[in-house]
Structure formats: structure tokens, C-alpha cells
Amino acid sequence: MTPRPPAHALAPTLLLVAAVTASTLAAALAGGAIAIAGTPGTLPRSPLAGVPGGPTLAAEDTIPIPSALLPTMFVSAPRVTLEEILRRVAEGEARRDSLMLDQSYTLLARLTYLDADGKAPTGAKTKLEYASKVYKKRPDKVREIPLRQRSDFKQKDDNVEIGAGPTMREQIVSFAFEPRARARYRFKIDDRKIVGGHVVYVISFTPRSTLDALPEGRVWVDTNDFVIAREEFWYRDRSPAPLFFKRIDSCVVERTKVEGRWWVVSRILARVQMTSMARMFARMAKEPLTPTVDFVATETDWRINRGIDDAIFAGGKR
Amino acid sequence: MSRLLLVVLAAALATSLLVANPARAQGPAPDSLGAFFQGLADSTDASYGTQSVTFDTTGLDSLASGALTRPPRIHRRGGGLGLSPLLGYHRAEGAIVGMSGRVGSRAAGWLSLAGTYGFGNRQGRYAFGYRRTLLYRGARRGRLLAEPGRIVEGATRIDLDLGYARSSQPFLPEHATPRLGNFDALFSGKSSSSLYEQRGASGGLTFWTGDWRLVAGVRHWLDQPMPLVTRYTLLADREGVPVNRLALDDEYTEPFGSLGFWRGDWELGALLEARGGGADRWRMRGALGKALRLGSSIKAYAQFEAGATAANAPLQRRFGLGGPRAVPSLPIETGATDHLLLGRVELIEAHDVLEAVGLPHPDWLVLQPLVLFHAGAAWDDAGGRDIVFAGPPSNAWRGSAGAGLALKLGVPDPETLARIYVAWPVGPDAGKTTFRFTLGTTFELLGRL
């Protein structure tokens, strides 16, 4: 058990925490996340609380109120439950998808061989760089125009192919929150942060069964839009394909808000540790494999709902 | 004194923050959320390293702006001919050597060709197949439609399949282990199903939508027996190698169809399949599979199977009870009956046994403990009636219990497992203690849906 320091030794820290807490609370208040009354000790129920379709107001009872600096307040609005967050995230993602009619972006991808198995990365070597321009339109049109490909593979036209599918759903971000997948995970609120008027929830997810080939991870949910803004997941203590992947140390999916409205994937990163068997097969195929493979893809230059002409898709494959 | 200074300093900081904060709160910097996530991204960059995350974007803008008008020409893999070797061994064929290949495109369809030669029976086998996806709606990329379909949430697909083949088929294919080189036949010669020759043409449509798969088609086939040609085994006693059951000569045209269901989140699947061919050939089979979570690290995979065929159906259409997919303590192809009931439960635990006992092992060798209970009955209807539903006599039941290890391969199917176990008979006439090594999937009685 960790010994607790004496209270007087914590005084400066407590004051600093109190100050920061008060500042963030004030920021939240100004941002409309929590309604308070001017009278100390009372807090009328917010007119927004419980309004159908309206925001659910969080009672941030985990944030200590510095009684020395602010009067004690009681928040009567209901606290956002984990279940409600999960439901709203699913709805938020579905809403985002349904409003997208067409999109275009520039895809850049890179495959790097290196050795970063339990140590700092060494011997990094780029094996493949690929760039393309991608156009998509509902319901399932896609055209991908390769712009550039640099490969260090001996078989230049094989082995690895990177490309975009026709869907505008970004399931790589929301897979654990899809209605059908939710029952297979345990979710937990890890943290809440107030950033510039946004309440950001950090929610972790773990497969209910360690026999399922499902990752564990966490997401950052911006509760203004109930959209996942960042995700990290991994297979660290088990592999989805044990013969070839020893571990998947991390997959990171970053999203950016573009055109002030749309949350889109801006970057995907993955670090995979390969097994000795995978490396043996690679040697047999005369394409030696390093213990670690990094994959990074970025999607930039997003344009959404600009009205892409159907003729553009006539020249490409579905 | 110093503590007092700290308190004063902290108080000053607190006051300044409180004073400064309302202005920030009223007008938060528009990119403060972006800056927050950028901080996390910077941390990710540091973790991955510059070499992995930095792109050379020189000249990319001009390429992107002219992508539609002047698309660069970059060679990407097309639908060229892909070849793979075929090797195998069976007591009815001897060693076989051959090649298979596939060529085609999404638009034109995929033509598959395969040919082998058996050095034991000195016969060739060949198969021509043509598959074209007539309709596809879903998230996958079009070129991946070269692979056979399967139930995928949100995807709808219709495939046309045409084929002509002279092939070697196993008896009771639902219980036959995959012919991946037939190493089992080479080592012991006992665990492979008997083979018979099948020649003919078939055509069918497969429709996947949501959680369902529907197959309908017709075929004309000629079945012929294949005799035993070799008793060679590498390790086992040659006298113990069983004969190759002789199929009945038969020529027929039959409709066939199946209805399959799979829900991944429920881990529940079902299959109902039927073959026609007339009053003396019809055959029906159903299977149900469900996984149950027992705590966070154990799962029970339960599967049930029922089958019925015409009372006078030829041997190659009848049901059996033995083998690793049915009652493993019984020899494969035990029984040749017109009805079958089978239930099996496997419990697999998630932990790596070798790691748990501290044995050094290759990183890919993750062996998980498993126990199994299989029980079933195969019987002929006492009245010789052509009926689907009939109750088994009480003395027809046989069972096995077993314990062993499972190795999750993950290829070619994510649920592919190699199992090695010892099975003991449960009850009278249930065979003998048997050592088994099998390749299959968690729900192998359902097949690929």
C-alpha cells in the first residue's frame, strides 16, 4: 500500500489543483456544460435537463469544488451514464455517416520495417510508400487514382496493396461501438476532460472474452458531437493470428474536424510485432521481414459534399 | 518559511488563473480542442519515430490536382494467373501431385483450373470452375470478390458458379477432415475418409444478404468407386490401414440447396441443406452452432447435427458417426445409416499452456487447453421408411470425452484451429482410447457460411 503524505505537505498542490479545477469548471460553465445559480448552496434545475434531443448535462461530481474559493453547489441534472454515452456515440457516428453524400481526399500510406520489439526503434527502413486520390459517392461509388508508389519489395507488383473501399463509414474508429459489437465488450469511463468548451470522455473497452479475436483499447469522445475523435487499440496479450503476429502493440486512429463540421480520419498508425514463423516464411520468399512492421496512413485534403460528378466514377473500378 | 512561500506562490497562481479564466471561458481558443488532440498526436509521433510517420510529399500536390485529367500510370496487381501447387496422399490414390490456378477479373468473372495426378491409382483429376459476382453491395473492395463469398454484415452478394470436374470426393463430406496434403493418411492411414470418384457438371446461384445465405442449383454427376491402392504408411502398422469403402455406381441429376444463418455477435449459426435426386437419393442435413462465454477466459462451443437420407440411398450418401468431427473414439465412417443425431461441446481456455508451465517455446506456438464431449447416434429406421424425422433407438448412442490442446492458426479462416487431443470412449461400444490430430474450425459442422 502506498503511504499517504501528510495533509500539510499537500497544501500547495491542493491549492494549485483547486485553482486549476476552478478555472476548468468556470470554463465549463461559460461553455454551457453546467448551469449554476448565483445563490450559494442552491442550484435550480437546468431548463435543458431532460429535454428530448437536448444535451444531457453532466453533474461533474468527480471534480472537487474548492469551498475556499467557490460556494458549495448542488447539481440536480442527471449524470450522463456510460450506456447513454455508448448509445449517443453510435447515434453520432450513424448521423455523421448519413449526412455524407460524397467525399474526396488524398491518401498517403507508408510501410516501414524496423526492430522495435521491446526496445527503442532501430534499423527503420521504408519498404513502401503509396499515394492516391480517392473519390467516393453514395451509395457505393469509389474511384481511386494512384498518384505515386515507391516500393522496396523485390516483387514490385505484389505483396502489399493499399486502397480505399467504397464505404464512407469509418468503422475502424467505431467498431467497438457498433450496435452488434457492443455486447462483446466491457466499457469503462477512464477519464473526463474539459477542453475549450468541449467535454471529452475517455472510454476504454475490453473484450468480454479473451478467446475473442478482438482488441482492447480506448477512445476519446467529444460530447459536443458525440463523435469519436481519437482511438487507440491493441492486441498486446494475445494475437488475432498467432502464427504470424506476435503482438499488435498499438493502432492509433486520429480524426480531425474539417470544414468546421465533419470528423474524418486523418491518420492511422499501427505497429505490429511479427512471429519467428512469419519471418521464416518471408525469408523463404526472399523478402526478409524485420521483427516489427509499422504502417502509417494519412488522409488529407478532405472535401465533403461538394457534388462529385458521376462521370468521375465511370473511369474507375467499383 | 519556504512552505509559506510556496503557499503564497500557489495562491497567487490560483488567483491569476481565476482572473484570467473567465476571458478564456467566454471565448475559448477555437483550436484548443485541436491542440489537445495534437498533443496526443505528437506523443504518438514520438513513440513511432520520424522514419515511420514522415511522408515525402514533394510534387504530390501537382499530381493530386491533375489526378482526374492526367492520371499517373502506375502498375498495380491485376487479375493475372495465380498458381499454387497441389500435393497429397491417400490410400485410394497414392501420392498426388498437381497444380491449381485462377485467372479473371471482377467484370469478366474468375476461371479456376485444377489438375492432379495420382501415382497410386494412375488416374488424373481435373476441375474447371467459373464464378462471377452478379451483384455486390457492401464495404469491401471490388477486386477482393475473387474470393468466395461469406456472410458479412451489411453486404449483399449474388454469385453464379459453374463447374465441370472429375474429382475424388470423401464419404460424408461434413465429417471429413480437410484434404490439406492428407498428411494424416501418410502417417497413420486411418483417419481419412474413403474416397469415391465423381464426374459431372454443376451450376448454382448463391445469395448472401445480411445474416443469411441461400444456395440453389442443379447438377448432373456420375459416382464411381475407388479401390484401395496402397497400404503404405510412414509410422503406423500397414495392416491397420482400413479399406477404401466402395461407392455405388450411380448417375443422377439432382437439385440442391441450402439455407444458412450466421450472427457473429451472438456467435450463433445454423445450416439446413438438402439434395434431391429422387426417392432413393434424397438427403437432408441440419446443423446448429452456438458459443457460450463461461467467464472471461473460457468458451463452450456447442454444435448439433441431424441428418436423414432415403432408406435405400447409396453408401456415399449415408451417415456415419466416427472420426474427429463426430465421435472421435470411434473409427471414421462407423455406420452407414439413413439417420444421424450428433451433439458436441468443446471448452477452450484462453491461456497459453506452455507459457503457464514455464516451458520455452516459439512465439507462434500458443497452445490453449481444451476438453470435449461428443455424443451421437447413427441408425437405420427400423421400418425401412423414407422419413425425415425418426427417433433413435436407445442402444444407438455412443460418446467420447477428450482433452488436449488447441492451436489457433487464424488462416485461411480466422477461426481455423489445429487440435491435438486424446479421446476416451464413454459408454459401451464407443470405440477405444484414441489420439487425434485434426485441422478444422470452431464451428466445423456449419462449414463456411
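This is a predicted model: local features need pLDDT of at least 70, side-chain atom pairs count only at pLDDT 80 or more; totals for chains, interfaces and linings use all residues.
Before the slides, one term: a residue is partly exposed when its relative accessible area falls between the buried limit, under 20%, and the exposed limit, over 50%.

I'll start with A:Asp301. Its relative accessible area is 36%, so A:Asp301 counts as partly exposed. A:Asp301 sits in strand E10 of chain A, residues 292-304. The backbone there has a positive phi of about 55°, and the residue is not a glycine.

A:Glu259 also has a positive phi, near 50°, and again is a residue other than glycine. Where is A:Glu259 placed? In the loop between strand E8 (245-258) and strand E9 (262-274) of chain A. A:Glu259 is at 39% relative accessibility, therefore partly exposed.

One peptide bond to point out. From A:Arg138 to A:Pro139 the bond is cis, with omega near 0°. A:Pro139 belongs to the loop that runs between strand E2 (122-137) and strand E3 (141-151) of chain A.

Now the chains as a whole. Chain A contains five helices and 10 strands. Of its 318 residues, 52% are buried. For contacts in chain A between residues at least 6 apart in sequence, 57% link residues at least 24 apart.

Chain B has 449 residues, 44% of them buried, and contains six helices and 16 strands. Its contacts with a separation of 6 or more come to 61% from residues 24 or more positions apart. The accessible surface of chain B is about 21,600 Å², and carbon and sulfur atoms account for 64% of that.

Terms used:
Residues are numbered from 1 along each chain as its sequence is written. Chains are lettered from A and ligands numbered from 1 in the order in which they are written. Side-chain values use heavy atoms; hydrogens and water are left out. Helices (H or I, at least four residues) and strands (E, at least two) are DSSP runs, numbered from the N terminus. Buried means under 20% relative accessible area, exposed over 50%, partly exposed in between (1.4 Å probe, protein chains only). Contact means heavy atoms within 4.5 Å. Accessible areas come from the Shrake-Rupley method with a 1.4 Å probe; for residues, only the protein chains shown count as cover.
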